[in-house]
Amino acid sequence: MIARVHSPNVTAPTTQPTAIFADAVRDATSLRRFLHGLPGVDQVGAQARAAGLATRSIKKASKVWALEAAIGMVDLTTLEGADTAGKIRSLCAKARQPDPADPTCPPVAAVCVYPDLVTVAREHLADTGIAVASVATAFPSGRASLRTKLADVADAVEAGADEIDMVIDRGAFLAGHYREVYDEIVAVKAACGSAHLKVILETGELSTLDNVRRASWLALLAGGDFIKTSTGKVSPAATPPVALVMMEAVRDFAAATGERRGVKLAGGIRTAKDAVRYLVLVKETAGEEWLTPRLFRIGASSLVNDLLMQRTRERTGVYSGNDYFTVD
Amino acid sequence: MPTESSRLSVRKTYKLYIGGAFPRSESGRSYPVSTPDGRFLANASQASRKDVRDAVVAARKAFSGWSGATAYNRGQILYRIAEMLEGRRAQFIAEVADAEGLNDAESTVDAAIDRWVWYAGWTDKIAQVTGSSNPVAGRYFNFSLPEPTGVVAILAPQRSSLLGLISVLAPAIAGGNTVVAVAAQDRPLPASTLAEVLATSDLPGGVINLLTGRTAELAPWLAGHMDVNAIDLTGVAADERTELERLAADNVKRVFRGPEGDEPDWTADPGIGRLTAFLETKTVWHPVGT
Amino acid sequence: MSIWEYTPAPESRESARLRPSYQMFIDGEFVDGSGTAFKTINPADEEVLAEVAEANESDVDNAVRAARRAFEQVWGRMPGRERSKYLFRIARLIQERARELAVLESLDNGKPIKESRDVDIPLAAAHFFYYAGWADKLEYAGFGANPRPLGVAGQVIPWNFPLLMAAWKLAPALAAGNTCVLKPAETTPLTALVLAEICQQADLPPGVVNVVPGAGNTGATLVAHKGVDKVAFTGSTEVGKEIQRTIAGTKKRLTLELGGKAANIVFDDAPLDQAVEGIVSGIFFNQGHVCCAGSRLLVQESVADELLDSLKRRLGTLRLGDPLDKNTDIGAINSAAQLEKIRSLSQIGESEGATRWSAACPLPERGFWFPPTVFTGVSQAHRIAREEIFGPVLSVLTFRTPDEALAKANNTPYGLSAGIWTEKGSRILWMANRLRAGVVWANTFNRFDPTSPFGGYQESGFGREGGRHGLEAYLAH
C-alpha cells in the first residue's frame, strides 16, 4: 500500500451514531419517526434567506481572504468517462500549484477522481498534503448491489484514497426505506477504514428541502464525515437553499452532539462570486468554525481559474484574462 | 268603553330587547308614544346608559358566534326573519301607519320585508364581490376577504320606523356584526314588534339589541363606548353629529355619517355601501412552495 | 476574534446628490415659503444634512388652493388614460433615480442601504406602476359605474418609510383623479422633495402634487384646512385620534393607518429556521420602526427554549452600523426622541421584571443607536407587551394551546397585523380566520406588495392602502 499522507480531515471518524441519537437509529420505525419529526423547511423562506445572504458585499481584504480560502477548499474534480492517466497528471499539477505565476497561491484541498485512477493521483500528490478523493459505490447512480458498492469502495481505499465520496440510494430514500439507506452508509463507512466518508445526497433528485434535511440527518446519524450535495451529473446540483439547509443540519448536529461534521457542495459552482457567496452562507449559518477545508469543500474544476483570476485582480488591480491561467 | 258585541283588546307592554330577553329599562322609566296627530299609542321603555352598557355586553358576547357562523347559516336565519315578518305583515301595516301617520302603510311594510330578503341573500355573496386574490410579485398566495367590524351602534332613522330601521339593521348583521340600535325616538313601536320577530326567529340572542328612548341621551354613551367598534349616525341630525364623531375617535370607531340632508328615500336601491361600511378587509399571505 | 471580517462596503454618499437646502413644492414650483427653515440630520452621525423650508399656514393655504385649481381645471377632468401615463412616467423616473433615492433615504432616515435599495425604493416605483394602470379602468374597480374623485387630498406621512409612504398616498389618489398636498415627516423630508422634482421631470401639471415640509403644526394645519376633501394619515394612534376629532362634523373623508402590537405566533410544528428569519425580519427590519412589526413573539412552550436559542444565535450575526454599508442589517434609530422612547420603555420592561437580552454588538459613538433586544418572561400585563415601542425590541410570551395563542394575540386594542408559523394548513386557516388583524402573514412576515391591501382593525386605523381596495379611499361612491 502506498504511504498515506496526512489527510486534511482531522475529525475522528465515527461509525456509530453519537449516543444521544441511539434511540433515533434503533430500528426502521424509530429512524423514520425521527426524520419525520425534524422541523419542516419552508422552501420560499429558505430561498429568501439564501438570497438575502447573497446580497452581502465582499470587497477588498475580505474578498482576498475569501478567494484564497475558497481555493484551499476546492476538491479539484474530474469524473469523465474519457479520463486518462495523463488527464489526472495534469490535474494534480494544477492542484499543487493552481497559479504557476504566483507561488504564494495556496494548493487545493483534494483531487477527486474515479477509483481506477486513484493510484495515478496518489503518485502525483505524494508528500503534498493534498488529499486524494475517490467517488465510489457505483457512482453516480448508485444502482448496484451492496456487494458491488463495497468492492468499489475497497478498491479505492486500497489504491490509497484518503476520502471516499459515496452516493446514497435515492430510490430507497424516496420510497421511505430510510433504514436501508442508513445501513448502507454504515457499511460503506466501515469499508472506508480510516478514509473519510463524504455522503452524496444528490439533492437534485430529492426534490424538496424537507428531503434534503432528512437525508442530511440520515447521513450524519450513519456516520458520514461530510454530507455532499451532488454528483455533478444531475441538475440542479448545489443551490444556495440546499446549501443553507445542509449547513443548518451540521450546525444543529454539532449543537446536539458537540461534533462538527463537514459539508461539500458540488456541481454548478463555476464563478468566484458564487464561491464567495457560499462562504458567506457557511459563516452566517453554521459559523466561522466551518470556514476550513476540514469542514467545508467545494467540488469543482473550472471554478479554480475564476478564483485565480479574481485573486490576481485583487492583488494587482488589473483585470486579467483566461489566457493567463492554465486549463488543466 | 266596549260594547257588548266587542271585547276589550289586550294591550302590549313595549319593552327593550337585550341579549334575546325583553327587559324593562333598568331605570324604570317609560315615555308616552303617540301618532303624529297626537293620539296616545303606548308607553315605551326609556332606556338609560346602563341599558346601553348591558346591550353592548350582550352584543359583544354574541359576536364570536354570529361572526363565526357560516355565511350560508346567516343567510338562512335572515331569511327566516323575513318569513316571520311576512307572518306579521298585517300587524306591521297597522303599527307603521300609526307610527308614521299614514293612511296606508302596506307598500312601506312590503318594501321592508323585501329589503330584509335582499340582504338575506347577500350574506354569502359579499365576500365574493369585495374579496380578491391578489397577484403579488413573489411566490405567495395572497387573498383578501371581508370580515365584520364587531359591535356596531346604530342610531336608527327617525322617520321611517320600519323600512328605515330594517335598511340599517340588516346590512350590519348580514356581514356578521352584532348591533345595538336605538329606534326612532318618537316612532319606536314597530321596532319593538320587530324585536318580537327577532326573538321568535332563529337569530341568536344579542345579535341585535333594540333600545327605545331618547336618541340624544343614549348616543353619546354609544359613541364613547370603548367596546363599540363602529357607529352609524343616520338617525342623528347633521348638526348634532360633531360631538358624537369626536367621542367616536377615542377608540378609532368607524363612523357612518349618514345622509347629508333629509332622510333618504328608503325605497331606493340601497347598494352595498351599508354592508361594506361595517366590514374590514383582511389580507392573508402564504408562501407557495414544495 | 473573527477570522473573516467583512471589509466595509459603503455605498457612495455622492449618489444622494445632497444639496445644502431644499425648498417646498407648491403649484409646480419650488419655493421658499414663509415658515422658519429647519435642519434635517443624519441620525447615524447627527450631522446636519440640509436645511429644509418649513410650510406655515399661508404656505399650506397656497398649496391647497393650487391643488384645488389643478383639480378643477386640469387633473379632475383629464381622461384617465392621460393620468395613467403620467403615473407610469413617475414610476419609471423613480426607477431611473433609484440609487440616488436609496442613498438619500438612508442618509435622512438611518435605515440600512440594503433595505432602502431593495425594499423602499423598488416598492415605491411598483406602487406607481400598479396604480398607473387603474387610472383609466376605475369603472371596473367595483365602486359603481361612475366613480368620481373626491377633490383635494391632504396626506400626512411618517418617517419610517418616507418615500414608500409618499407613494402609498400619492399613487392611488392621483390615479383616482384627486390632487394632493403631501406633508412628509419633519425628520425625513428629503426624498419626498426629490419625488416632487420627479413630478416636475414628468411634466405633471402644476398643483397636482404639492409637498409641504414641516412638523406637527404643518400637518394639523393641512388636516384642518377647509379646502381639503380627503385626509389620509399614517402615524401614531394618538395623532390619528386627534385627526379624527379634528375632522368631526365636516364632510371630509378619512383614512387612518396607525400603530400596532402584532403577535408573531410560532407553533411547535413550525418550520423553525424560517420562523427565526420571520421573527428577525418581523421586529428588526427597519430597526423595528414598522407599524406592523411583529413585536410580540408568542411561542409555544414546548419549543420556546430551542427557538430562543436559535433566535439569539441568529441575532449574533446581525451587523449594526453605518447605514450606507451594504452589509449593514441594523441602521440608526431615526431620532433622539425615538431613541429616548425606546430606552425608556425598555427600562420599564426591566423594572417590571422581564428579562432583557441584547445582541453583543458595539454601538457607534455618535448618532442614535439601539442594539437588537429581546425581552423574555413577558406577560400580557407588562407595558412592553401592550405599548408600541417602535424600535428593535421584541417581547417574548409563551402559550400552550391554539386557543391561548389566539386569546393573547387578540388581547390588544390594536389590530394591524399578525404572524402564524405552523406546517399545519388547517390550523393556519383557523388562526387566520380568528385573528383580529388586517394583515395576516402565515409562514412569512413583513411582506408588502402594491396589489395587496394593507390596513388595520380597531385602533390600528381604518381604510386600506394597496390593491383595488386602496382606490376606495379616494373615490366618491
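**A covered helix and a shared sheet**

Mentor: In helix 8 of chain A, the residues that count as buried are A:Tyr178, A:Val181, A:Tyr182, A:Glu184, A:Ile185, A:Val188, A:Lys189, A:Ala191 and A:Cys192. The model is a predicted one, and the predictor assigns the complex an ipTM of 0.97 and a pTM of 0.96. A charged residue can thus be found in this buried set, as A:Glu184 and A:Lys189 show. An α-helix has 3.6 residues a turn, so residues three or four places apart point the same way. The spacing from A:Tyr178 to A:Val181 or A:Tyr182, and from A:Ile185 to A:Val188 or A:Lys189, can be read against that rule.

The cover over these buried residues comes from several elements of chain A, including helix 1 (28-36), helix 6 (146-158) and helix 7 (170-174). Strand 4 (163-167), strand 5 (196-200) and helix 10 (209-221) of chain A also belong to that cover. The length of helix 8 agrees with expectation, because its 15 residues (178-192) should span 21 Å at 1.5 Å a residue and its end C-alpha atoms are 21 Å apart. Just after the helix, A:Gly193 adopts a positive phi of about 60 degrees.

From chain A we pass to its contact with chain B. Six residues of chain A touch five residues of chain B. On the chain A side, these divide into one nonpolar, four polar and one charged.

Chain B itself contains ten helices and ten strands. For its 290 residues, a compact globule would have a radius of gyration near 19 Å, and the 20 Å of chain B agrees with this. Its C-alpha atoms occupy a box of roughly 85 × 35 × 35 Å along the principal axes. Buried residues amount to 53% of chain B. Of the contacts in chain B with a separation of 6 or more, 76% join residues 24 or more positions apart.

One residue of chain B illustrates burial within a helix. B:Glu95 belongs to helix 3 (residues 89-100) of chain B, and it counts as buried because 24 C-beta neighbours lie inside 10 Å, where 20 or more are required. Leaving aside residues up to four places away in sequence, B:Glu95 touches B:Leu189, B:Pro190 and B:Thr193. The C-alpha atoms of B:Glu95 and B:Ser161 are 9.4 Å apart, although 66 residues separate the two along the chain.

The contact between chain B and chain C draws on 28 residues of chain B and 35 residues of chain C. On the chain B side, strand 4 (140-148), helix 9 (241-248) and strand 10 (279-287) each supply at least two residues. Strand 10 of chain B gives the most, with eight residues. By class, the chain B side comprises ten nonpolar, eleven polar and seven charged residues.

Three bridges join it, in the parallel sense, to strand 18 (residues 439-442) of chain C, and B:Val284 stands opposite C:Val440. This pairing has its place in an open, mixed sheet of ten strands in the order 3(B)-4(B)-10(B)-18(C)-17(C)-12(C)-13(C)-16(C)-15(C)-14(C). Strand 3 (132-133) of chain B and strand 14 (355-358) of chain C stand at the edges, each with a single partner strand, so one side of each has no neighbour in the sheet. Within the chain C part, strand 12 (residues 263-266) and strand 17 (residues 417-421) run parallel over four bridges, with C:Ala263 opposite C:Ala418.

Another parallel pair in chain C is formed by strand 10 (residues 230-234) and strand 11, joined by five bridges; there C:Thr234 has C:Glu257 as its bridge partner. Strand 11 (residues 253-257) of chain C is mostly covered, with five of its five residues buried. C:Arg253, C:Thr255 and C:Glu257 point one way, while C:Leu254 and C:Leu256 point the other way.

Chain C as a whole has 14 helices and 20 strands, and its pLDDT averages 97. Buried residues account for 63% of chain C, and 72% of the contacts between residues at least 6 apart in its sequence join residues at least 24 apart.

Terms used
Residues are numbered from 1 along each chain as its sequence is written. Chains are lettered from A and ligands numbered from 1 in the order in which they are written. This is a predicted model: local features need pLDDT of at least 70, side-chain atom pairs count only at pLDDT 80 or more; totals for chains, interfaces and linings use all residues. The radius of gyration is taken over C-alpha atoms; the globule rule is 2.2 Å times the number of residues to the power 0.38. A residue is buried if 20 or more other C-beta atoms lie within 10 Å of its own, exposed if 12 or fewer, and partly exposed in between; C-beta atoms are placed from the backbone. Two residues are in contact if their C-beta atoms, placed from the backbone, lie within 7 Å. pLDDT is the predictor's confidence in each residue, from 0 to 100. The expected span of a helix is 1.5 Å times one less than its number of residues. Two strands pair if DSSP finds at least two bridges between them.
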